Amino acid sequence: MPSAAPDSTTTSCLPCRQPVISRTLVLLFAIAAGISVANVYYAQPLLDALAADFGIATASVGMVVSATQAGSTLALLLLVPLGDLLSRRRLMLWQAAALAVFLLAVAASDSVWMLLAGMLAVGMLGTAMTQGLISYAATLAPPQERGAVVGTVQAGVVIGLLLARVVAGALADVGGWRLVYLCSAAMIVATAAGLARMLPPAPVSAPSMRYAQLLRSMAGLLLRERVLQVRGVLALLMFAAFNIFWSALVLPLSAPPHAMSHGAIGAFGLVGVVGVLGAARAGRWADRGLAQHATGGALLLLLLSWLPLAFTNTSLWALVAGILLLDLGGQMIHVTNQSLILRAHPQAHSRMIGCYMMFYAVGSGGGALAATHMYAYAGWDGVCLLGAAVSLAAVLWWWVTLRLMPRN
């Protein structure tokens with residue numbers, strides 16, 4: 001169905017000056033997004049310490065990560081859309097302050113339930129800040145630079161995600177898992193100070209709906225916006241393929257012939273820093289009208305990555321090559337998707353991001369679940385075949401829907 005302009009329930013933009021965003025401000029957005037998203041992933045390398053400290057059974061300690069991810073999903077539905085209703089600047093600062101408080105609460109936890117409640121809140125606020133910063137930067141950027149700006153901020157997200165596990169492990173070795181959250185709270189306070197000093201007001205929208213109407217309007221965006229529908233399904237398939245790999249990787253690497261430690265396995269995530277380059281470049285290509293070309297190339301990289309990944313059991317160099325292709329292709333697709341869906345309706349950017357990231361959540365969860373089941377059934381070869389099949393489905397979806405999309 002063709003894209004339509006927002007209906008009467010959507011906020012209407014008031015006259016405002018042409019948005020301008022400096023390189024320094026873009027860098028601040030990228031740093032702040034990286035620091036905020038890291039909070040969603042700090043717990044993953046700390047699970048053994050948390051299990052020992054709170055007496056949680058090893059089989060059940062995964063609920064700590066589940067609480068954080070549940071918070072992330074709630075943020076996409078309940079908090080991220082607020083950027084279209086409230087002052088984005090004020091919203092970012094309030095969320096940063098609340099995130100610092102809940103990080104301190106996690107560090108001070110003396111019961112499992114306090115820990116889980118804190119992790120739920122940290123997941124919500126960390127995700128809300130991250131996605132809010134992306135939509136804020138996109139709103140401030142001139143249309144001809146929007147893709148490059150989104151790509152740079154997304155590069156900050158990638159770096160924050162990759163470094164979160166490394167930083168958490170290093171700090172925990174020095175002073176225990178509580179030090180991780182104390183340091184994170186301090187970083188968030190410093191980030192909030194920088195944001196308070198440098199953030200300009202985003203173009204203001206006149207709120208013509210209540211909060212409940214705002215949330216209901218997200219369903220309308222999903223039903224109306226063809227770009228959101230097409231690129232959302234593409235994101236679902238891409239993130240499913242991505243998580244099929246990362247969720248199953250620990251299984252072959254921890255077993256013979258590699259028998260690697262968890263720390264060594266986690267270090268392979270740093271190979272994905274090449275995705276930062278892909279994210280920045282893809283945004284610039286989208287600004288130049290090459291979004292579909294960038295998407296096609298990125299999807300081929302995603303599909304081809306499974307060939308070297310299939311040789312993981314016999315060659316770690318093949319594993320590294322596969323990770324390079326997988327992360328480069330994945331980040332290019334992600335940034336191109338965001339650049340395209342944020343071209344229209346600046347008054348709905350936050351809701352568009354929230355809707356788009358729901359596709360991400362479904363794909364990530366489904367990919368992780370499918371990966372472990374496939375490994376149990378058919379081993380690493382089965383995982384690679386599954387990942388290649390999902391990647392091929394993404395290529396075919398892009399090809400079939402290409403005629404429905406803007407050529408650039």
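Modeller: The lining of the second largest pocket has five nonpolar, two polar and three charged residues (nonpolar: Ala, Val, Leu, Ile, Met, Phe, Trp, Tyr, Cys and Pro; charged: Asp, Glu, Lys and Arg; polar: the others, Gly among them). This is a predicted model: local features need pLDDT of at least 70, side-chain atom pairs count only at pLDDT 80 or more, and totals for chains, interfaces and linings use all residues. Numbering starts from 1 along each chain as its sequence is written, and side-chain values use heavy atoms, without hydrogens and water.

The pocket (an open set of 1 Å grid points where a 1.4 Å probe fits, with protein on both sides within 12 Å along at least five of seven lines; lining residues have an atom within 4 Å of a point) holds about 220 Å³ of space. Its lining consists of Ile21, Ser22, Arg23, Val26, Leu27, Glu145, Ala148, Val149, Thr152 and Arg284. Two or more lining residues come from each of helix H1 (23–38) and helix H6 (146–175) (helices are DSSP runs of H or I, at least four residues).

Now the side chain. Asparagine 337 sits in helix H15, residues 316–341. Its relative accessible area is 0%, so asparagine 337 is buried (under 20%, 1.4 Å probe, protein chains only). The side chain of asparagine 337 makes a polar contact of 2.6 Å with that of arginine 231 (N or O atoms within 3.5 Å, one able to donate a hydrogen and the other to accept it). Leaving out residues up to four places away in sequence, asparagine 337 touches Arg231, Leu234, Ala235 and Tyr356 (heavy atoms within 4.5 Å).

Notes:
Grid points are joined across faces, edges and corners, and a volume is the space filled by probe spheres set on the points. Buried means under 20% relative accessible area, exposed over 50%, partly exposed in between (1.4 Å probe, protein chains only).
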